[in-house]
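Here is a friendly walk through one protein chain. Have a look at the picture first, then read on.

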Amino acid sequence: MKPRPRTLICVTTGLGVGGAEAMLTRLVTHPPGIADEVIVVSLRPEDDHVERLRAAGVAVVQLDFRRASGIASGLTQLAKLIADRRPDVVQGWMYHGDLAALAALILSGRRRRTRLVWGVRCSDMELRRYGRGLRAVVKTCTLLSGWPDAVTANSAAGLKFHLELGYRPRRAEVIPNGIDVEEFRPDLAGRKAVRSELGIDDAATVIAHVARVDPMKDHGTFLAAMAQLPDVHALLIGAGTENLATSCNVFRLGRRRDVARLLPAADFIASSSRFGEGFSNALAEGMACGLPGIATEVGDARLIVGETGMVVPCEDAPAMAAAIKTLAEEPMTARAARAAKARMRIVENFALSAAVERFAALYASL
């Protein structure tokens, strides 16, 4: 097997808020490093993960593909970067990143010498809910999906969806997202501190829901479930949640950078996505903190949760409310055992180190 790449260039759609962006950041900053030199190129000038990347020694290049002129100049800049740095591997990340990586690699003149990997980060996207620009990019990626040396997906459901869509990769690999189980872990002292800050009683049942406000995340169904559970408190964490309808048992915390500190204050983690979710970071991160999950049947949710929580149909508020109620009413000894099993499932199956090793092995085998 070849040694790890000397130089790896990752081309991502953006570095803003989102599970895909967070996973890329973790992947390339996890010691001892996935390559001798890593350069992350963002097609949008977003800063959410830039500080962490640079602190870990990862070079960051920010382009601006929001305008036609920016696309032309950005592709030229990216092609020159590839020609100058001569990477062993170029890794695309999300649809726009995949397409830009392919185009720039061809323009660089290094297509025969540099391996190309695409990264699919979602499952059954309802593209009609989004702009025609995204639909055009997905169609183009589908037509060109045989060009990369490999296509990776973060979920079995995501790979299945894209094969049904028409993807025809030379090689396909499912590499689940990896969770930093040292960052996301139970914290009794932190639990008490956060509950004190929010004015939540130590004995109260609390469920966390971590997601930006977006049609795919379906906050409506989750809030409808919470309306049926007046004795259960919910922490809504994510961009836009501060603008959702008020409720006496819901804390709208908005976008936060201390999610790992907030999660241990809850008893359960919920994911109410109605489509598009491949591998839910939020669900797995909550489980790593010892929070059994209640998730909708989207993407690989059932694979992540296993027997440690419950999976319910999408857009079914009564089913979600019933699942939350069932887990909340378990005896405390049973809840403690379930919490321990939830964390162990992530530690044993979805730790960050395993994902890094899988990507490293893939690059070495190309």
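Let's start with Thr205, which sits in strand S8 (residues 205-210); strands here are DSSP runs of E with at least two residues, helices are runs of H or I with at least four, and both are numbered from the N terminus. This is a predicted model, where local features need pLDDT of at least 70, side-chain atom pairs count only at pLDDT 80 or more, and totals for chains, interfaces and linings use all residues. Residues are numbered from 1 along each chain as its sequence is written, and side-chain values use heavy atoms, leaving out hydrogens and water.

Is Thr205 buried or exposed? Its relative accessibility is 13%, so Thr205 counts as buried (buried means under 20% relative accessible area, exposed over 50%, partly exposed in between, with a 1.4 Å probe and protein chains only). Leaving aside residues up to four places away in sequence, Thr205 touches Asp231, Val232, His233, Asp267, Phe268, Ala328 and Arg335; a contact means heavy atoms within 4.5 Å.

Now compare Ala245, found in the loop between strand S9 (232-237) and strand S10 (250-254). With a relative accessible area of 57%, Ala245 is exposed.

| Residue | Relative accessible area | State |
|---|---|---|
| Thr205 | 13% | buried |
| Ala245 | 57% | exposed |

Next up is strand S6 (residues 150-153): Ala150 and Thr152 point one way, Val151 and Ala153 the other way, and all are buried. In a regular strand the side chains alternate between the two faces of the sheet. Strand S5 (residues 115-120) runs parallel to S6, joined to it by 4 bridges (two strands pair if DSSP finds at least two bridges between them). Trp118 stands opposite Val151 in S6.

Finally, zoom out to the whole chain. It has 14 helices and 13 strands. The radius of gyration is 21 Å, close to the 21 Å that the globule rule gives for 366 residues, so the chain is as compact as a globular protein of that length (the radius is taken over C-alpha atoms, and the rule is 2.2 Å times the number of residues to the power 0.38). Along its principal axes, the C-alpha trace spans about 65 × 40 × 35 Å. Buried residues make up 56% of the 366. Take the contacts between residues at least 6 apart in sequence: 68% of them join residues at least 24 apart.
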